[in-house]
Amino acid sequence: MATSLKCLLRSGKEAAAAPAVGDANRDLAAIQVTVRDALNQALDEELERDERVFLLGEEVAQYDGAYKMGFTGIAVGAAMAGLRPICEFMTFNFSMQAIDQVINSAAKTYYMSAGQQPVPIVFRGPNGASAGVAAQHSQCFAAWYAHCPGLKVVSPWNAEDARGLLKTAIRDDNPVVFLENELMYGVPFEMSEESLSKDFTIPIGKAKIERQGAHITLVSHSRMVGHCLDAAAVLAKEGIDCEVINLRTIRPLDVECIEGSVMKTNHLVTVEGGWPQFGVGAEICARVMEGSAFNYLDAPVTRVTGVDIPMPYAKILEDNSVPQIKDIIFSVKKTLGV
Amino acid sequence: EGKMLTNISTVLRACAQRNIQVANFIRPFFFTCLKKSDVFKLDEAPATEVVMTRDEGLQYYRTMQTMRRMELKADQLYKQKIIRGFCHLYDGQEACAVGIEASIKPTDHLITAYRAHGYTLTRGGTVKEIMAELTGRRGGIAKGKGGSMHMYCKNFYGGNGIVGAQVGCRSLSV
């Protein structure tokens, strides 16, 4: 695993080296970087920057259920001892086996020790639905982990998010759950020179308004942000101007950003890939209702979520179990009453 | 598996050599290579000698062959992306499923990990149901909702995707 990882990192380094060569005549057009490469570059740079940072995790699952608990426990122990591990899960579905270590050993320790024992660890891996991997490998864990005090939970969308948030997560002294998305790994995004610099970090706890709008606010995270932007493009042709917020961080939730936007547009739709009950959208609704933005709402908030069933295997069923662009468009129109 | 085939062919060759009508030949084959086990608080140890009749042997072989062909076809379909997601194939391990099924009753319980196609067949699934499940069709053994790793029959508890999950689940796990 170490060899293959070094190869991965080396290739990431080469990709990073290319744009950094300062050529005055070079076009100032931004570089296209896939989410996967952005993550690898960030890992590579952080590993180099701090010798306490190291990677461990699950490349190929072996026949031993305790294996996952094992390496997660080792990672948490290392974090307590002063190292800064990055613990990788093949998918977050496997973290369910190790969740005791994540919650009880990592999340709660700083509080239980009255501040004496920090656990500077990053748990990362693909989260949510993939393609055809059925019920036990498609669950979204955003709501599960965001429920727990002591954890920070981030969910990047594009390459810039992935890079900046991973760097911040590694440098953070708290346990951070870093929810990636398998379907986003190969998607290229333009990255500015600034976002490719070695110390580019994105603060945890701050959402980003990806698209300004006046009529309705769409709040989302991870892959669904892309769907929201596509829906917004379609709706723009019909004269509906959507504001799209990319949460970037699930916990702590950037309520200020959402409230500010709702006060401007008066309508809110939340979009997520996970299940509806007790989910990210549910939390956003509760917070908006509790705050001052409630008085600015002209209609109840609509949640667009995955269907409340274990993910089916057949393609036609799977496609209809996650939010599609047409579902977002439908919800926007329903909320606006058009 | 190789040994089983050798034994079966030895038996059949023996029949042919003795020039006896094969249809009436029911001399069984004795497996006496089983090791004696130590017992703990049991009255009887498991048998050290079992008998397999010609018909049983042929039935096992037929099942194994069916399984092999089914898995090879599934392999082909997987490469054509007609089967999506995960597809853990059982070709090569057929003797395990058939052997286990030969030594248990249909009312015994069985659970396995993700390499489940073979056991689905021996526990009562049909090839059609299995292939329909793999290709995500309504006629599948789980109506297309489970996929490769989540196939179930009476007294067969799948098909578990998370490594090691089946161990804690049931008392008889394979």
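Helices α2(A) and α8(A) are roughly parallel to each other, because their axes cross at roughly 25 degrees and angles under 35 degrees count as roughly parallel. The model is predicted. In this model, chain A and chain B bury about 1,600 Å² between them, and one salt bridge is counted between the two chains.

**Helix α2 of chain A and its partner α8**

- Helix α2 of chain A covers residues 35-49, and helix α8 of chain A covers residues 159-171.
- The axes of α2(A) and α8(A) come within 8 Å, and their crossing is right-handed.
- On the α2(A) side, the contact is made by V35(A), A38(A), L39(A), Q41(A), A42(A), L43(A), E45(A), E46(A) and R49(A).
- On the α8(A) side, these residues meet A159(A), A162(A), R163(A), L166(A), K167(A), I170(A) and R171(A).
- By class, the contact of α2(A) with α8(A) has nine nonpolar, one polar and six charged residues.
- R49(A) and E46(A) are separated by about one helical turn, because they are three residues apart in α2(A).

**Helices α9 and α13 of chain A**

- Helix α9 (residues 223-236) and helix α13 (residues 325-336) of chain A have axes that come within 9 Å and cross at roughly 60 degrees.
- That angle makes α9(A) oblique to α13(A).
- The crossing of α9(A) and α13(A) is right-handed.
- From α9(A), the contact takes H227(A), C228(A), D230(A), A231(A), V234(A) and L235(A).
- From α13(A), the partners are I325(A), I328(A), I329(A), V332(A) and K333(A).
- The residues of this contact between α9(A) and α13(A) divide into eight nonpolar, one polar and two charged.

**Helices α2 and α3 of chain B**

- In chain B, the axes of helix α2 (residues 54-79) and helix α3 (residues 94-103) come within 9 Å and cross at roughly 140 degrees.
- The two helices α2(B) and α3(B) are therefore oblique to each other, since only angles over 145 degrees count as roughly antiparallel.
- α2(B) and α3(B) cross in a right-handed sense.
- α2(B) brings Y60(B), T63(B), M64(B), M67(B) and R68(B) to the contact, while α3(B) brings E94(B), A95(B), A97(B), V98(B) and A102(B).
- The contact of α2(B) with α3(B) has seven nonpolar, one polar and two charged residues.

**The interface between chains A and B**

- The contact takes 22 residues from chain A and 22 residues from chain B.
- Of the area buried between chain A and chain B, 59% is on carbon and sulfur atoms.
- E318(A) forms a salt bridge with R84(B), and the closest N and O atoms are 2.8 Å apart.
- Side chains of opposite charge can pair when their charged atoms come close.
- Over all chains, the count comes to 26 salt bridges.

**Backbone points in chain A**

- Most residues other than glycine have a negative phi, and most peptide bonds are trans.
- R248(A) is not a glycine but has a positive phi of about 65 degrees.
- R248(A) lies in the loop between β10 (242-246) and β11 of chain A.
- R251(A) and P252(A) are joined by a cis peptide bond, with omega about 0 degrees.
- P252(A) sits in the loop between β11 (249-251) and α10 (255-265) of chain A.

Methods: Residues are numbered from 1 along each chain as its sequence is written. Chains are lettered from A and ligands numbered from 1 in the order in which they are written. This is a predicted model: local features need pLDDT of at least 70, side-chain atom pairs count only at pLDDT 80 or more; totals for chains, interfaces and linings use all residues. Side-chain values use heavy atoms; hydrogens and water are left out. Axes are lines fitted to C-alpha atoms, for helices over the stretch in contact, and angles run from 0 to 180 degrees between N-to-C directions. Helices (H or I, at least four residues) and strands (E, at least two) are DSSP runs, numbered from the N terminus. Angles under 35 degrees count as roughly parallel, over 145 as roughly antiparallel, 65 to 115 as roughly perpendicular and the rest as oblique. A crossing is left-handed if the near helix is turned anticlockwise from the far one by less than a right angle, and right-handed if clockwise. Contact means heavy atoms within 4.5 Å. Ala, Val, Leu, Ile, Met, Phe, Trp, Tyr, Cys and Pro count as nonpolar, Asp, Glu, Lys and Arg as charged, and the others, Gly among them, as polar. Buried area is the accessible area (1.4 Å probe) that two parts lose on being put together, summed over both. A salt bridge is a side-chain nitrogen of Lys or Arg within 4 Å of a carboxyl oxygen of Asp or Glu.
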